[in-house]
Structures are given as structure tokens and as C-alpha cells.
Amino acid sequence: MKIPRPLVFALTGWLVGAIAIVVVGLFWPSIFPAIVVVEHYYGDGPNLLTIIGFGILLASPGGLLGGLIGSRIPKEGGQNEQFSMAGIMGIVFSLPFACMVLWFFTGW
């Protein structure tokens with residue numbers, strides 16, 4: 001069974017966006033320097049893996065859409081450039097949702 005090309009590009013955007021969300025989720029105290037006491041945010045609320053999973057869940061539509069849009073940008077560049085842009089646009093469309101989830105769970 002052959003997978004349609006738009007679906008492959010959408011899944012590429014989602015996968016790269018999910019990887020970016022995991023990286024931001026694991027290194028968020030370094031990325032957001034205003035957080036002084038990290039242990040304060042892991043008390044009564046959900047654990048870090050739940051927060052990262054919730055961020056991936058909320059950012060999934062953005063990553064899929066970013067992969068589709070990104071694959072349409074470099075029509076003349078070839079397949080490698082389409083995959084690259086699908087990944088980049090997947091990050092651009094999904095990372096704001098992940099940052100919003102992390103901001104929400106830090107106590108805003």
C-alpha cells in the first residue's frame with residue numbers, strides 16, 4: 001500500500017514538531033530564564049511527561065498543517081527541500097502551542 005505524498009509531508013511536519021516539543025519540554029528551564037526554582041512547578045500538578053504529552057496533543061493539528069503548507073512552498077527544489085520545509089513549517093506551526101502549554105503549567 002502506497003501512502004499519499006501529502007500525508008507523508010503532513011506526518012513529517014508533525015514528527016519534527018513533536019520532536020521540537022519534547023526538546024523544549026525537557027529543556028524549558030534553560031529556554032525560559034525567568035523560572036528560578038524549577039521544583040516549584042512540579043509539586044501538585046501533573047508530571048513533566050504528562051505536560052509534554054498534552055503539548056504534543058494540542059500542537060498536532062498545527063504540525064500536520066505546517067507539514068502540508070511547508071511541502072507546497074519549494075515546488076522547484078525537489079523532494080529533499082520539500083521535506084525540509086515541511087519539517088521547518090511543522091516546527092513553526094506547533095511550537096507556539098507547546099510554549100503556551102508550558103507557560104500555562106508554570107503558574108502564569
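Buried residues are taken here as those under 20% relative accessible area and exposed residues as those over 50%, with partly exposed residues in between (1.4 Å probe, protein chains only). The structure is a predicted model, in which local features need pLDDT of at least 70 and side-chain atom pairs count only at pLDDT 80 or more, whereas totals for chains, interfaces and linings use all residues. Residues are numbered from 1 along each chain as its sequence is written, and side-chain values use heavy atoms, with hydrogens and water left out.

Helices are DSSP runs of H or I of at least four residues, numbered from the N terminus. In helix α3, the buried residues are I51, I52, G55, I56, A59, S60, G62, G63, G66, G67, G70 and S71, and the elements that cover them include α1 (5-26) and α4 (79-105). Helix α3 bends by about 50 degrees at A59, with the proline P61 following within four residues; the bend is the angle between axes fitted to the seven residues ending at a position and the seven starting there. P61 counts as exposed because its relative accessibility is 53%, and its C-alpha atom is separated by 7.8 Å from that of S94, 33 residues apart along the chain.

Definitions and conventions: Helix = DSSP H or I, 4+ residues; strand = E, 2+ residues; numbered from the N terminus. Contact = heavy atoms within 4.5 Å.
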